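Please have the model open.

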Amino acid sequence: MRRHSGSAVDGCAGTVAVTVSGTVDANTVGTYALSYRAVDPSGNATTNTRTVQVVDTVGPVVTLAGANPLVVECHGTFTDPGASAVDTCAGLLGVTISGSVDANAVGNYELSYRAVDASGNATTVTRTVQVVDTTGPVVTLAGANPLVVECHGTFSDPGAS
């Protein structure tokens with residue numbers, strides 16, 4: 001690709017045009033060379049080369065699906081809503097999940113979601129899962145309800161569980 005880009009100064013001719021060759025793909029990581037060439041009216045030419053490095057130093061963006069923190073009732077069912085990752089250079093990426101949740105034990109659990117792009121940039125996002133017990137126990141009465149006792153009779157409590 002040849003195009004004019006600016007000008008150069010020659011000792012005799014003054015200002016002369018500069019032609020640039022080469023391309024840079026700013027969407028693809030790599031090293032590119034641009035060559036700048038100026039020729040004066042006497043046919044004297046000078047070339048200078050610039051190296052352009054397109055780099056990826058930014059990690060992907062990891063987005064959690066669902067709430068954070070996520071609350072689960074004890075002995076309930078925990079289903080991880082997951083996460084997605086997108087990178088400026090690589091586009092959509094896979095997400096690795098680590099950690100576990102015991103939905104049968106009250107407590108706070110952490111799940112980590114990690115994505116790594118082709119340049120080795122990594123991003124990790126953490127979700128807290130709170131296993132809670134907000135449901136009271138179930139009391140079951142033994143015997144009749146209402147229980148009828150004759151006045152001056154004997155009362156025997158059948159109990160409850």
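The questions below go from the residue to its sheet.

This is a predicted model, in which local features need pLDDT of at least 70, side-chain atom pairs count only at pLDDT 80 or more, and totals for chains, interfaces and linings use all residues. Residues are numbered from 1 along each chain as its sequence is written, and side-chain values use heavy atoms, with hydrogens and water left out.

Reader: Which strand holds Asp 87?
Author: Strands here are DSSP runs (E, at least two residues), numbered from the N terminus. Asp 87 belongs to residues 83-87, which form strand 7.

Reader: Asp 87 has no salt bridge, so how far away is the nearest side chain of opposite charge?
Author: A salt bridge needs a side-chain nitrogen of Lys or Arg within 4 Å of a carboxyl oxygen of Asp or Glu. Asp 87 is buried (under 20% relative accessible area, 1.4 Å probe, protein chains only). The nearest opposite charge is on Arg 114, at 13 Å.

Reader: Which backbone nitrogen does the side chain of Asp 87 reach at 2.9 Å?
Author: A polar atom of the Asp 87 side chain lies 3.1 Å from the backbone nitrogen of Cys 89. The 2.9 Å distance belongs to the backbone nitrogen of Ala 90.

Reader: Why is one side of strand 5 and of strand 8 left without a neighbour in the sheet?
Author: The open sheet has three strands in the order 5-7-8, paired antiparallel (pairing takes at least two DSSP bridges). Strand 5 (61-64) and strand 8 (91-93) are at the edges, so each has a single partner strand.

Reader: Which residue of strand 7 stands opposite Val 61?
Author: Strands 5 and 7 run antiparallel, joined by four bridges. Opposite Val 61 stands Val 86.

How values were computed. Buried < 20%, exposed > 50% of the residue type's maximum accessible area, 1.4 Å probe, protein only. Lys, Arg positive; Asp, Glu negative; His and termini not counted. Polar contact = N/O pair within 3.5 Å; in protein donor to acceptor, adjacent residues only side chain to side chain.
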